[in-house]
Amino acid sequence: MKIVRPGRVIGFTLLALGGIVMIMPLLFMLVTSLKSNSEIYELHVLPREPTLGNYIEILTHSHFARWFLVSFVVAAVSTVSVLFFDSLIGYTLAKFRFRGSGVVFVAILSTLMIPTEMLVIPWYVMAKSMGWLDSIWGIMFPGMMTGFGVFLMRQFFAGVPDELLDAARIDGLGEFEIFWKVALPLVTPALSALAIFAFLGNWTAFLWPLIVTTSPNLYTVPVGLASLSGEFQTDWEMIMTGSSIATIPTLLVFILLQRNIVNGITLSGLKG
Amino acid sequence: MASVTLRGIRKAFDRTEIIKGIDLDIADKEFVVFVGPSGCGKSTLLRLIAGLEDVSAGEILIDGRVVNNTAPKDRNIAMVFQSYALYPHMTVARNMGFGLRAAKTPTSEIDRRVGEAAAMLGLESLLQRRPGELSGGQRQRVAMGRAIVRDPEVFLFDEPLSNLDAQLRNQVRTDIKKLHQQVRTTSIYVTHDQVEAMTLADRIVLLRDGRIEQVGTPIELFTCPANRFVARFIGSPSMNIIPAQIDDNEIVLPWMRLPTPPLATRPTDGRIELGIRPDDLLTGAACHSVPEAYRFTAEVRVVEPMGAESQLIVSVGGQDLQLRLMGRLFPKPGERIACALDPAELHVFDATTGVAIGQRHISLQ
């Protein structure tokens with residue numbers, strides 16, 4: 001007879017409860033998006049007459065498609081930028097000894113302690129003086145490098161053996177090529193994790209895009225959806241529909257990259 | 001093929017000097033082994049030759065050309081690392097051809113050279129595997145293959161066998177020797193294992209504390225060590241060192257007196273150390289081949305049977321001596337056995353400086 005350990009039962013029960021708590025709002029959002037306007041305040045769970053009308057409506061009669069595009073461009077460009085620059089800086093800090101490298105690292109780390117709310121004013125002043133207000137560049141410039149990403153990548157690069165880099169030097173590669181062709185492929189798990197964080201962070205960013213943009217055709221999805229919530233009336237079915245669509249890219253990014261995190265290439269070319 | 005010359009090489013990290021002035025000539029096609037205890041600077045010296053570190057002072061010449069300011073890739077060297085340093089995300093074939101690809105060699109040429117090296121090392125069936133799918137010995141062969149493919153002027157080996165188990169180590173050591181006999185490329189090999197040094201080297205460079213203690217063929221270092229450190233480091237088990245005193249024309253050991261052999265110099269205070277290798281401590285019937293004055297009786301303390309031979313530790317006059325007994329019969333602990341020092345194989349060192357002053361040293365001069 002198989003012995004069931006009570007610890008395992010409790011563990012799985014807690015995990016299942018946690019899962020339910022996580023998934024309920026998502027299901028509620030999805031279900032509401034399929035309800036017609038007359039049904040949304042009714043308490044039954046499933047829509048009596050499921051309809052895709054909300055989806056057609058939001059995609060054809062609002063700026064939503066435009067917001068989606070803006071959000072996607074901002075999140076994609078920022079993510080690529082974060083992956084490139086954060087890993088480059090992290091690699092430099094992990095693998096090169098130079099005067100002041102410790103101070104630079106601590107300075108970058110200390111930016112993690114500053115909340116966004118404190119930064120929006122300097123960002124705004126900067127954007128204004130550079131003429132970036134109400135532009136896509138204005139939305140994305142603060143998110144193109146992150147202290148957290150530099151920290152994450154530095155820690156991962158520190159685990160890449162120096163002998164591999166030396167071998168590449170003898171094989172005739174330049175320093176950037178060593179970074180690009182030897183070191184970077186070995187930290188794909190970290191890159192995947194960082195890509196998920198960066199994409200999610202930029203995709204869901206609300207405060208800064210709200211402040212820096214004024215034209216509705218430059219809104220990101222979160223800002224655009226918030227604009228549907230008015231003083232006297234809120235289009236809940238539209239907000240839920242927009243949110244449902246907005247979930248798709250984040251889910252895709254997560255599904256595509258999570259396998260990388262789990263099956264990351266191990267450093268098995270070395271002794272073992 | 002090329003010679004390698006080191007002139008007054010010094011290297012300091014921050015304020016700690018690791019290499020303290022090394023002069024050395026390595027001839028074309030020679031196999032030279034840098035050996036020494038941990039922290040003696042042997043790996044650092046190899047990295048200086050590779051160009052992975054900059055020298056603090058002195059000149060490195062490869063094939064007569066000063067390469068102090070030449071990048072590693074332009075020194076025409078190849079290096080095999082202790083951890084093998086294979087790129088984990090590339091197949092064996094790509095690992096081996098990576099340097100050539102970086103040098104923009106045509107693909108057909110890369111394939112030909114990788115194929116040749118793989119055939120030489122028996123790696124043909126592994127070319128499409130990744131390093132993670134290989135055993136330690138196979139990885140080591142791939143690392144050598146990567147070096148061969150580049151057809152360098154100098155091979156550098158940085159303790160390439162230290163991660164292999166004992167049996168595999170012997171096999172790969174033989175492979176390296178065969179490889180050198182086949183390609184005859186100038187090779188510099190770093191190890192802390194004196195057995196590797198003895199078996200592989202044309203010449204051994206024994207380092208301690210950033211300085212060269214002695215350079216010579218394995219047999220020279222074994223038979224004529226320049227000082228006590230070399231004498232103890234080379235040879236296994238290590239040479240027995242017995243404190244002694246020179247008194248008129250006799251050497252006074254704790255348990256006997258010996259006629260003084262010819263000496264290069266005499267220490268002013270008369271304090272010397274007598275060295276004798278375990279193989280040169282005679283036992284049983286062999287004792288009768290030496291004069292009476294060199295014979296004594298000792299008590300067996302420890303017996304380590306090893307099959308064809310046994311290693312014994314015997315005690316005499318409060319001094320433990322290690323000796324090797326050939327054959328499958330061995331005495332029991334507590335037994336007293338006849339021993340003798342082979343007078344032709346005695347080493348004499350100045351007790352204060354450790355420098356060899358015995359007859360062998362005189363004949364070398």
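A polar contact is taken here as a pair of N or O atoms within 3.5 Å, where within protein one atom must be able to donate a hydrogen and the other to accept it, and where residues adjacent in sequence count only if both atoms are side-chain atoms. By this rule, seven residue pairs, both members at pLDDT 80 or more, are in polar contact across the interface of chain B and chain A. The model is predicted, so that local features need pLDDT of at least 70 and side-chain atom pairs count only at pLDDT 80 or more, whereas totals for chains, interfaces and linings use all residues. Residues are numbered from 1 along each chain as its sequence is written, chains are lettered from A in the order in which they are written, and side-chain values use heavy atoms, hydrogens and water being left out.

Three salt bridges (a side-chain nitrogen of Lys or Arg within 4 Å of a carboxyl oxygen of Asp or Glu) are counted between chain B and chain A; in one of them, D166(A) pairs with R47(B), with 2.7 Å between the closest N and O atoms. In terms of contact (heavy atoms within 4.5 Å), 28 residues of chain B meet 23 residues of chain A. The two chains, chain B and chain A, bury about 2200 Å² between them, 61% of it on carbon and sulfur atoms, buried area being the accessible area (1.4 Å probe) lost on putting two parts together, summed over both. Of the area that chain B buries against chain A, 25% is supplied by Y87(B), P88(B) and H89(B), more than by any other three residues.
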